[in-house]
Each structure stands twice: as C-alpha cells, then as structure tokens.
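Please read them with the structure open.

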Amino acid sequence: CYALGISDSSASLQKDYTVALQVNHRELIDNNLALANGNDLRVYFRKDKDCRPREIDRVLENNATTKTRVLFKLQEDLSKTVRDGSAYYLVYGNKDAGKAKQNPENVYLFYDDFSDSILEKKWQKNWGDIRVENGVLKLRTRQTPTRDNGEISVFIKHGHEWEDIEVELDFNERNTGPQYPGPFLRVQDARIQSTTAWWFEYQTGSKYCTMRPFKNNKDGSWLYRGTLTKPLSAGSWYHAKYRVVGDRFSHWVNNQLIHNNVKVSRQWMITKGTLGLGCHKSNIGCHTFYDNIKITKYVPVSVSVSLGTECKVDLKKFHGLGTSEKNPATSCKQIHDVSLKDGKLDNGVYWIKTSADRSVRTYCDLTNGGWTLVGKVSGFVNKLYKFWLIKNYKVVALNNPALPSKVGCINARYLATYHASTVMFSSGDNQNGIGSKWVQWPLPQGRKSDSLWTHSVGRTTVSKARMYPVTVKAWNGKEQVCYQNKYGILPLSYHGGSYPSATHNTAGNTRVKDYCMSVGVQKTGTTADGWTQNGNGYDSARSDSDWPNSQYNHVSPYVTVWLK
C-alpha cells in the first residue's frame with residue numbers, strides 16, 4: 001500500500017471533492033502485484049484519532065490499463081486532514097479480495113445511472129411524460145405548458161447550493177425535427193414561467209448550439225453560440241461535459257471543446273443551482289434519453305495527487321477486529337483478510353456490523369475464506385417472513401452453525417448490500433463451520449438494503465421485477481443456471497414469497513433434486529403480503545442428508561445461510 005499525497009495550490013479543497021488518482025494498473029497486474037479485476041485496488045481513510053483505517057468507496061476508470069483512474073471523495077476539508085495528521089491510502093495485492101466498496105453515489109457529488117426505476121427518489125417532475133425504463137431516463141415533453149421558449153421538465157431535488165461544478169452525461173434525442181433538447185445548469189428556479197437557469201440547447205440536424213440563459217423567465221435567446229464538429233443526429237448517443245466556474249462556463253461534446261471559458265455578462269449571472277432537463281416550446285417537443293449523469297465539485301486550481309511513501313504498517317491489522325462491540329468488522333471476510341496477514345485463521349464468534357452503527361455476535365468460518373453465518377432454521381416456517389434475515393432474532397443461536405437448532409438470524413441486508421457478493425445455503429452437520437453440503441450463488445444485482453429479502457415489499461412489486469440468470473455452484477462440483485430478481489424473493493404468487501431464492505425458471509416454480517433453492521417463510525394455507533402458500537414453496541433441504549432436496553412440500557427448511 002501507499003500513502004496518498006493530495007495537495008492544491010491554495011489548500012482550498014473541501015469535503016466531498018472528488019479526487020482522481022492515475023495508477024499504472026497494467027504494470028501491477030503484469031508483475032503479479034494486483035488483480036486484473038481491480039477488486040484489491042482500494043482506498044482507505046485514517047483519521048488521526050482513529051488507529052483503524054476504514055475503507056471508503058472508490059470508482060475505477062480504464063481498469064487494467066497504464067492509465068487507470070481511481071476516484072474517491074474527500075471525507076473532510078483537506079486543510080483539516082493536513083492539520084490533524086489524517087491520511088488516505090491506496091491498498092492493493094490481496095489475491096483473495098472480494099468486491100470493493102464502489103458505490104458511485106459516495107464518490108460523486110451526484111450520480112444516477114437510472115438503474116433504480118423510481119425516479120422520484122432523486123428527481124422532481126415539472127411537466128411532460130418522464131419515466132425510467134431499461135436503465136435510461138426517457139423524457140417526452142411535447143409542447144411547453146405555457147408556450148414559453150424553454151422550460152425545465154425535470155430537475156434534481158437537491159443541489160440548489162452547488163456553485164462550481166462539472167457535469168457529465170449521455171443524451172440521445174429521438175425526434176427528428178428540428179428539436180431542441182439539453183440540460184439546464186445552475187437551476188435557481190425551476191417553476192414554470194419563473195425559469196432561472198443556464199440552458200445548454202442543441203438542435204437536431206444542425207451543428208449549432210448555445211448556452212441560453214434565463215432569468216425569471218426572461219429569455220437570453222441564442223446569446224452564447226457554439227458549433228459542434230458535426231450536425232446533431234437524431235437517434236444517436238452523445239457524451240457531453242459542462243463546467244461552470246464563477247461567471248464562466250466551458251462545454252464539450254464527445255470530447256470536442258465547444259465553449260472555452262466563456263464569460264457570462266452580469267445581466268445573466270447566476271451564482272449557484274442544481275441540474276435540470278428540458279426542451280423548447282415546439283408542438284412535437286423533445287423525446288430525449290439521458291443516462292450516466294455524474295456531477296463533481298470543481299476547484300479552479302492545480303490539484304496534485306500522488307503516491308507517497310510505502311506503508312510501513314499493515315493497514316488491515318486492526319487490533320482485534322471483530323473481537324469487541326467497540327471494534328466490529330463489516331464482515332467475516334474482512335476478519336479473514338486480517339487473519340490471513342497474521343497467519344491465524346480461527347473460526348468462531350465475532351462482532352459483525354448489521355448497520356453503519358450497530359453490530360451483533362455471530363459465527364465466522366474463516367478457514368473457508370471468511371463466511372458470515374446470518375441465519376439458521378430447522379423446521380420453523382410460521383410467520384418466518386416477519387423477521388427472517390431482516391431483523392436480529394435470537395442471535396444467540398448463531399454462536400455455532402450446527403443443526404438442529406432454534407431458528408435465529410441477523411438483519412443481513414446491510415452486509416448483503418454493501419459488504420458481500422455471494423449467498424450460501426449449507427447443511428448443519430459441522431459445528432465448527434460450513435457443512436459438508438452446500439449451494440452458493442451471486443447476490444442479486446440492483447439489491448438495496450431496504451428491500452432485499454423484505455417480504456412486505458409485496459407480491460405485486462416483486463412479480464414485476466426482472467428475473468435474470470445466475471450460476472449456482474454446489475458442493476459436489478456441479479453447477480446449474482437458475483434465476484433470481486433484485487429482491488431475492490420467489491415471485492410465484494402461491495409459493496409464499498420464499499427467500500433467499502434461486503429458482504429454476506423465470507416464473508418462480510420449484511423443482512426437486514436440483515440446485516436452485518429457496519427457504520420457505522410462510523405456513524401452508526396462509527396469506528401474507530399478497531402471497532399464498534399452497535405447500536410447494538419449500539424448495540430447500542429438510543435434513544442434513546436431503547441434498548439436493550427430494551421434496552418441495554415438506555414445510556421444514558433445514559439450512560444454515562451464509563454470506564461472503
């Protein structure tokens with residue numbers, strides 16, 4: 001690992017500034033010092049008062065090249081970091097590294113790739129038909145409500161305090177025309193007929209574009225014209241970048257500079273604001289697709305980020321990680337990585353986080369790579385969905401992994417969402433770790449900590465989620481393609497919403513003697529959250545010897561559940 005040297009000419013870098021470090025990742029890989037997938041390339045932050053560096057989210061660009069960029073967000077003002085003796089570290093070289101912390105929402109000032117179809121979480125609608133489909137924001141405006149020359153159709157709910165920023169996005173205008181799409185920056189007022197913003201307006205079929213300012217709906221028209229290298233083609237995707245700094249702006253399309261540090265007159269000056277998307281007043285209006293919107297703070301000074309001295313201490317040797325409630329681990333995998341450095345792999349009970357500020361004691365199998373025991377059940381199904389893997393319930397049962405046992409579980413959604421990538425069902429014939437028989441598969445794509453394995457989300461919502469294939473691996477070396485959704489719940493209406501779930505088809509049917517399994521959570525003949533249980537939703541083993549399961553109507557799940 002290396003300490004990172006971060007400096008700027010005026011020491012003005014503030015909290016939430018996105019730092020970019022260039023690394024010759026290709027050389028590290030070729031010298032067998034780093035993994036090609038980048039999982040081991042991580043960033044840690046250590047405050048002076050905290051001897052334990054903590055991993056922070058990072059994003060990799062141009063992975064496995066000589067110019068890989070590692071992006072992360074400052075956790076505090078740089079002046080405070082320097083004053084307090086805190087530090088950032090780049091760590092690599094762990095050959096067993098799992099998924100790194102890489103949530104882009106914690107790296108950029110704002111980020112939206114529209115993988116979440118619920119637009120209202122981040123955006124406020126103004127007018128027009130606006131929806132998210134297939135990971136793309138689709139905006140169909142038609143005519144502006146009051147026939148004004150331009151209006152904001154949708155805008156980010158927060159960010160009204162943003163001053164100097166850079167915005168990157170992809171856009172695709174579908175209508176021929178001409179039509180006039182484009183984003184509004186420094187949106188100070190998004191209300192109809194009160195628009196106060198800088199509009200970057202394009203014209204399909206034309207090279208011409210402009211920064212068109214509005215103040216209290218007064219239209220500056222094509223005041224700050226620019227010229228693209230080619231006419232804007234309807235149906236084609238374009239990558240645009242915008243920079244607003246004080247009273248100046250710059251603008252690129254497909255990496256070609258269109259406006260270069262243009263000064264805005266005092267009459268049209270707007271000091272801060274959020275981002276909006278909109279269109280011109282034409283009868284047909286715009287039909288624009290947007291994707292991959294990311295916003296970063298911009299500092300108009302020279303910023304230097306470099307690799308400093310090589311670490312003289314083991315950053316992952318965290319002084320008894322997981323051995324007390326005051327020093328919990330994010331997962332057993334994290335403890336495994338520490339133990340691997342020390343040469344000690346002791347299975348046992350450790351403190352594991354169930355949220356950012358809460359933790360419980362549960363069993364860790366470190367000898368098999370760092371699996372966290374999150375639940376065990378042997379014959380209990382009556383209203384299991386009320387707490388199974390979503391609450392800390394009789395966690396003392398997790399002091400060892402053996403079955404039979406009383407049912408017990410932790411709230412595993414935080415761990416599953418942020419610190420694990422794989423789920424495993426195991427037999428309970430080993431009191432010291434994972435059982436002799438098991439199946440494992442990747443955790444759901446698009447999972448969220450407030451909805452994963454959450455029965456109360458309801459059958460209607462779950463049934464609408466896309467089912468996609470995953471490969472389930474078994475203890476005997478066999479593999480099978482199964483299906484799951486982002487909720488990890490069996491979608492079929494009469495199988496009781498069993499979970500965690502991997503099913504043999506997209507409908508959510510159960511089948512015996514295969515490796516697609518799920519835990520039945522609802523008693524036969526009952527109804528809950530829109531599901532009924534006809535008795536066929538118990539697609540898991542019913543004993544240590546019943547692998548793969550010979551029945552799906554036994555009403556007696558008999559498994560331990562692990563995450564890594």
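1. Start with the loop between strand 27 (371–378) and strand 28 (408–409), where Pro-404 lies. This is a predicted model. The bond between Leu-403 and Pro-404 is a cis peptide bond. Its omega is about 5 degrees.

2. Stay in the loop between strand 27 and strand 28, which also holds Lys-383. Lys-383 is not a glycine, yet its phi is positive, at about 55 degrees.

3. Next, go to the loop between strand 34 (531–532) and strand 35 (558–563), where Pro-548 is placed. Trp-547 and Pro-548 are joined by a cis peptide bond. Omega is about -15 degrees there.

4. The loop between strand 34 and strand 35 contains Val-555 as well. Val-555 has a positive phi of about 55 degrees and is not a glycine. Its relative accessible area is 28%, so Val-555 counts as partly exposed.

5. Now the overall layout. How is the chain divided? Domain 1 covers 2–102, domain 2 covers 111–297 and domain 3 covers 316–563. Between the C-alpha centres of domain 2 and domain 3 the distance is 45 Å. As for secondary structure, the chain has 35 strands and five helices.

6. On overall dimensions, the C-alpha atoms fill a box of roughly 75 × 60 × 40 Å along the principal axes. The radius of gyration of the chain is 27 Å. A compact globule of 564 residues would have a value near 24 Å, so the two agree.

7. Packing comes next. Of the 564 residues in the chain, 55% are buried. Take the contacts in the chain with a separation of 6 or more: 65% of them are between residues 24 or more positions apart.

8. Last, surface and charge. The chain has an accessible surface of about 23,800 Å². Carbon and sulfur atoms account for 44% of that surface. How many positive and negative side chains does the chain have? There are 75 positive and 51 negative. The centres of the two sets lie 3 Å apart.

Note on methods. Residues numbered from 1 in each chain as written. Predicted model: local features only at pLDDT ≥ 70, side-chain atom pairs only at ≥ 80, totals over all residues. Heavy atoms only, no water. Domains from an automatic or database assignment. Helix = DSSP H or I, 4+ residues; strand = E, 2+ residues; numbered from the N terminus. Rg over C-alpha atoms; globule rule 2.2 N^0.38 Å. Buried < 20%, exposed > 50% of the residue type's maximum accessible area, 1.4 Å probe, protein only. Contact = heavy atoms within 4.5 Å. Areas by Shrake-Rupley, 256 points an atom, 1.4 Å probe, with all protein chains shown as cover. Lys, Arg positive; Asp, Glu negative; His and termini not counted. Charge placed at Lys NZ, Arg CZ, Asp CG, Glu CD.
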